[in-house]
Amino acid sequence: MSAHKGEQSLATVGLTKTFGGVAALDGATVSFRHGKVNALIGPNGSGKTTFFNCVTGMIRPDAGRTTYRGRDITARPPHRIARAGIGRSFQLCRVFPRMTVLDNLLVAVRPPNLPAQLAGARKREETERARYWLTRMGIDHLETAEARNLSWGQQKLLELAGVLMSEPELILLDEPAGGVNPALIDRICDLVRELNAEGRTFLIVEHNMDLVMSLSDHVVVFDRGRPIAEGPPSVIQSDERVLEAYLGV
Ligand SMILES: Nc1ncnc2c1ncn2[C@@H]1O[C@H](COP(=O)(O)OP(=O)(O)O)[C@@H](O)[C@H]1O
Ligand SMILES: [Mg+2]
C-alpha cells in the first residue's frame with residue numbers, strides 16, 4: 001500500500017469470455033489507477049460481473065491477459081490472486097446465514113479444520129481483528145447474531161468486513177448499494193472514502209449513479225463486453241455514447 005498513487009493497479013488486455021456463443025467479454029482492454037476509487041458501469045448484461053469473475057480467477061477467460069501492479073495474474077487460481085492483494089464482494093452477497101456474525105469473519109480467513117494446537121493463538125488474533133472490522137462497519141453489537149437475522153445492508157457490511165479480514169489492497173465491490181436502505185448506503189460511501197484515504201484502491205460496479213458520481217475518481221463504461229468510454233464523473237455524465245448505451249439506442 002506504500003506504492004505511488006497513480007501507478008497502474010488492475011489492467012486487462014483483450015480479455016474475452018464467451019458463454020454459448022454470447023461474448024460476455026469481448027476483447028476488453030482497460031486499466032485502473034492505484035490509490036483511486038474507480039467505477040465500472042454499464043447496462044445489465046454488459047459484462048461487469050464476468051469481468052470481476054475473470055480478474056479474480058473464478059472463471060478462466062478464453063483469451064486476454066490480466067495484470068495487477070504490472071504482474072501477470074491471468075492464470076492464477078482465486079486464492080493466489082487474493083494473496084496478491086485483491087479482495088472482492090459479490091453482487092448477491094455471500095455470507096453463511098446460520099453462522100454468527102463473528103464466525104463469518106473467522107471462516108473468511110481460516111480453513112475450518114485447522115488443528116486445535118495451531119488454532120488457539122491465531123484465533124485470538126483473528127477474533128481481535130474481526131472485532132476491529134465489525135466496529136468500523138458499525139455492526140459490532142451484532143457479533144453473536146446469526147447472519148440471516150441481519151438486514152440486507154448489514155449483511156453487505158458483514159461481507160465487506162470479511163473481505164477486509166484478508167487485508168486486500170485492491171477491493172472489488174459488485175453493486176454494494178443494490179437493495180440497501182439509504183442510511184446504510186451513506187455508511188458504505190463513508191467507509192469507501194475512509195478506506196481509500198488509508199491507501200486502499202477500489203473498483204466498484206454500481207447502478208446507483210449518484211453514488212458512482214460522488215464517490216469515484218475515474219469511471220469506465222462497459223457496453224457489450226468492452227469499454228466504450230472512460231474519464232472523470234463530470235465528463236462521463238454527459239458522454240453521448242454512454243447515454244446511448246443506457247437508452248439502448
Ligand atoms: N455463467 C454464465 N453462463 C452463461 N451466460 C452467462 C454467465 N455469466 C454471464 N453470462 C452472460 O454474459 C453476459 C454478461 O453478464 P454479466 O457479466 O453478469 O453482466 P453485468 O454484470 O454487466 O450485468 C450476459 O449476457 C449474461 O447472460
Ligand atoms: Mg452483474
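**Pocket, cavity and cores**

The lining of the largest pocket is made up of 14 nonpolar, six polar and four charged residues. The model is predicted: local features need pLDDT of at least 70, side-chain atom pairs count only at pLDDT 80 or more, and totals for chains, interfaces and linings use all residues. Residues are numbered from 1 along each chain as its sequence is written, and side-chain values use heavy atoms, with hydrogens and water left out.

**The largest pocket**

- Its volume is about 780 Å³. A pocket is an open set of points on a 1 Å grid over the protein atoms alone, with protein on both sides within 12 Å along at least five of seven lines. A volume is the space filled by probe spheres set on the points.
- The lining has 24 residues, and R88, F90, A108, G162 and V163 are the closest to the pocket's centre. Lining residues have an atom within 4 Å of a point.
- α2 (78-83), β6 (86-88), α3 and α5 each give at least two lining residues. Helices (H or I, at least four residues) and strands (E, at least two) are DSSP runs.
- Domain bounds come from an automatic or database domain assignment.

**The cavity**

- There is one cavity of 30 Å³ or more. In a cavity, a 1.4 Å probe fits but cannot get out.
- The largest cavity holds about 90 Å³ of space.
- Its lining includes S89, F90, K156 and I188.
- α5 (152-164) gives the largest share of that lining, four residues.
- The cavity lining counts six nonpolar, one polar and four charged residues. Asp, Glu, Lys and Arg count as charged; Ala, Val, Leu, Ile, Met, Phe, Trp, Tyr, Cys and Pro as nonpolar; the others, Gly among them, as polar.

**The nonpolar cores**

- The largest nonpolar core has 37 residues, and M137, L158, V192 and F202 have the most contacts inside it. Such a core is a set of buried Ala, Val, Leu, Ile, Met, Phe, Trp, Tyr and Cys residues joined through side-chain atoms within 4.5 Å. Buried means under 20% relative accessible area (1.4 Å probe, protein chains only).
- α6 (182-197) is among the elements that supply at least two residues of this core. The largest share, seven residues, comes from α6.
- This core lies between domain 1 and domain 2 because both give residues to it.
- F202 touches K36, V37 and N38, among others, not counting residues up to four places away in sequence. Contact means heavy atoms within 4.5 Å.
- Another core, of 21 residues, lies apart from it and includes V30, L40, I81 and L172.

Conventions: Chains are lettered from A and ligands numbered from 1 in the order in which they are written. Buried means under 20% relative accessible area, exposed over 50%, partly exposed in between (1.4 Å probe, protein chains only).
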